[in-house]
Each structure stands twice: as C-alpha cells, then as structure tokens.
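This report is written for a reader who is meeting the structure below for the first time. Please keep the sequence and the model in view while reading.

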Amino acid sequence: MALLTCQNVTLGYENTKVVENLSFEIRAGDYLCIVGENGSGKSTLMKAILHLNAPMSGSIQTGDGLKASEIGYLPQQTVVQRDFPASVREIVLSGCLNRLGLRPFYNRKEKQLAEENMEKMGISNLANRSYRELSGGQQQRVLLARALCATKKMLLLDEPVAGLDPKVTAEMYALIEKLNREDGITILMISHDIAAAVKYATHILHISHEPLFWGTRDEYVKSGLGKVFAEQEGAGEE
C-alpha cells in the first residue's frame with residue numbers, strides 16, 4: 001500500500017497553474033528526488049503534501065498508517081532562522097511538539113528520542129551549544145535530527161545541501177542515504193543536483209513545463225529528460 005498518493009493534482013497560486021495533472025505514488029522505503037527548474041512547482045508540491053497549501057484540484061492522500069502530522073520536514077533555511085538563539089537540544093526537542101497534545105512539557109521518552117537522534121546525527125557534543133554559533137553543515141544536522149523526532153516513516157527535505165561546501169554536501173547525502181537504507185525511512189527530497197538524484201534516488205519526479213517525468217531512476221536515465229541531463233554532464237566534463 002502506498003504511503004503517499006498524488007492523483008491528478010494541479011498546483012498553483014493566485015489562480016496561476018504551475019503544475020497540472022500530476023499523479024504518482026510513494027511506497028515505504030522509496031527515495032524520491034524531485035528535480036526541475038526554479039519556479040517549476042517543486043516547493044509548491046511539498047507544501048501541498050504537508051497540507052500547508054491546498055491543491056487547486058486533485059487529491060494528495062497518506063496511507064499505510066501514515067498521518068500527515070507524522071511527516072518530518074527539513075525546510076530551506078532563511079537568514080533569520082540561521083541566527084535563531086536557542087540551544088541545539090532545544091531545537092531538536094521541538095521536533096516532538098506534535099507528540100505533546102495538551103501537555104505543557106516534554107516527557108522522558110521524548111527527551112530520550114531527542115538524545116538518540118542527536119547521537120544518530122553525530123551532534124551529541126553540540127547539545128548545549130547555541131544553534132546560531134554552528135556551521136552550516138552542523139545546523140543542517142540539527143534540523144535533520146529535529147525532523148527525525150517527528151517521524152519514523154517519512155522525511156521531506158527541501159534542498160538540504162544548499163550552500164554547503166562539497167565535503168559537507170557529501171557527508172549530508174551519506175547521512176540521508178543511511179536513514180533510507182538502514183532505518184527504512186522514506187525520503188522525498190527537492191534538489192537541483194540531478195547528478196546526486198541519479199546516484200542516490202530510487203525514483204525521480206522531474207517537474208518541467210512539459211513533459212513531466214515520474215518513474216524509477218533507471219527509467220529516468222533512459223528517458224528524454226535523462227538523456228538531456230547526461231549530455232549536459234558530458235559537456236561539463238570536457
């Protein structure tokens with residue numbers, strides 16, 4: 001059974017359509033990369049999946065026991081967010097907010113979950129540090145640990161390596177791949193890095209003005225859009 005189903009979805013804003021008649025399914029353990037040009041509707045789709053925006057038509061539904069509130073989300077950071085004056089532990093713990101209900105305080109289980117996810121991301125030694133003092137790569141690890149506190153099933157990642165240097169980018173991709181392969185967490189990631197998408201993803205959704213592509217990584221490589229990407233990569237290596 002699918003964790004997420006998009007059926008004939010049309011997305012847009014202010015009566016302007018950016019994506020039309022989009023249909024695809026995500027199953028447990030998939031690693032989906034969503035690629036495409038700026039303004040093609042990638043972030044609009046992610047907001048619709050999170051129920052932050054409603055589609056203009058069509059439906060987006062969760063299944064297989066997944067609730068929308070159980071999806072972990074790592075958004076693109078703004079300058080203001082990078083300067084947030086809180087400790088690493090406080091930010092990671094905030095990923096448990098949906099678990100609180102009417103309780104005013106985190107319980108022992110939630111605090112332990114935060115500690116486990118900080119350890120998983122290799123940031124336990126930073127727990128008492130101010131978030132604003134960290135490097136870009138360290139901040140992304142903190143936000144990933146926070147997102148993990150919200151889910152054991154699905155992570156939505158919006159350009160998780162934006163602005164990071166090549167070494168830290170490779171480390172972040174390795175962390176995400178490990179979460180997918182070893183922990184079984186389903187990944188939906190927006191990326192401009194088509195080379196990384198082809199390397200890591202099981203499925204690719206390429207949103208463009210037409211045609212859209214949805215399928216496996218191997219199908220993408222053999223498709224018209226995939227062949228254009230391969231030609232561009234070949235030209236870049238010359």
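The model is predicted. It contains an open sheet of 6 strands, in the order β5-β6-β7-β3-β8-β9, and the pairing is mixed. Strands β5 (71-74) and β9 (213-216) form the edges, each pairing on one side only. From one strand to the next, the twist averages 15 degrees. Helix α6 (residues 136-148) packs on this sheet, where it touches β5 and β6 (154-158). The direction of α6 makes about 165 degrees with that of β5.

In general, strands of a sheet pair through backbone hydrogen bonds, in either a parallel or an antiparallel manner. Strand β3 (residues 31-36) and strand β8 (residues 203-207) are an example of the parallel sense, with 5 bridges between them. Within this pairing, C33 has I204 of β8 as its bridge partner.

## Histidine 203 in strand β8

H203 belongs to strand β8. Because its relative accessible area is 17%, under the 20% cut-off, H203 counts as buried. The side chain of H203 is joined to that of T202 by a polar contact of 2.8 Å.

Which residues does H203 contact, once its neighbours within four places in sequence are set aside? They are D30, Y31, L32, C33, W214, G215, T216 and R217. Of these, C33 lies at the bridge to I204 described above.

## Helix α7 and its surroundings

Helix α7 (residues 166-181) has 16 residues, which at 1.5 Å a residue should span 22 Å. At the start of the helix, a side-chain oxygen of D165 comes to within 3.1 Å of the backbone nitrogen of K167.

The buried residues of α7 are T169, M172, Y173, L175, I176, E177, L179 and N180. An α-helix has 3.6 residues a turn, so residues three or four places apart point the same way. The elements covering the buried residues of α7 include β3, α5 (108-120), α6, β6, β7 (186-190) and α8 (194-200). Strands β3, β6 and β7 in that list are also members of the sheet, and α6 is the helix that packs on the sheet at β5 and β6.

K109 lies in helix α5, and with a relative accessibility of 69%, over the 50% cut-off, K109 counts as exposed. Between K109 and S191 there are 82 residues in sequence and 34 Å in space, C-alpha to C-alpha.

K199 is located in helix α8. Is K199 buried or exposed? Its relative accessible area is 55%, and K199 is therefore exposed. The side chain of K199 makes a polar contact of 3.5 Å with the side chain of Y200. K199 and S223 are 24 residues apart along the chain, and their C-alpha atoms are separated by 16 Å.

## Cysteines

A disulfide is a covalent bond between the sulfur atoms of two cysteines. How many disulfides does the structure hold? The number is 0. C33 is in no disulfide, and the nearest cysteine sulfur, that of C6, is 16 Å away. C33 is buried, with a relative accessible area of 1%.

C96 is likewise in no disulfide. For C96, the nearest cysteine sulfur is that of C149, at 4.1 Å. C96 is buried, with a relative accessible area of 0%.

## Residues with positive phi

Most residues other than glycine have a negative phi. N8 has a positive phi of about 50 degrees although it is not a glycine. N8 is placed in strand β1 (residues 4-13) and is partly exposed, at a relative accessible area of 42%.

E159, also not a glycine, has a positive phi of about 50 degrees. E159 is found in the loop between β6 and α7. With 11% relative accessibility, E159 counts as buried.

Notes
Residues are numbered from 1 along each chain as its sequence is written. This is a predicted model: local features need pLDDT of at least 70, side-chain atom pairs count only at pLDDT 80 or more; totals for chains, interfaces and linings use all residues. Side-chain values use heavy atoms; hydrogens and water are left out. Two strands pair if DSSP finds at least two bridges between them. Helices (H or I, at least four residues) and strands (E, at least two) are DSSP runs, numbered from the N terminus. Axes are lines fitted to C-alpha atoms, for helices over the stretch in contact, and angles run from 0 to 180 degrees between N-to-C directions. Contact means heavy atoms within 4.5 Å. The expected span of a helix is 1.5 Å times one less than its number of residues. Buried means under 20% relative accessible area, exposed over 50%, partly exposed in between (1.4 Å probe, protein chains only). A polar contact is a pair of N or O atoms within 3.5 Å; within protein, one must be able to donate a hydrogen and the other to accept it, and residues adjacent in sequence count only if both atoms are side-chain atoms. A disulfide is a pair of cysteine sulfur atoms within 2.5 Å.
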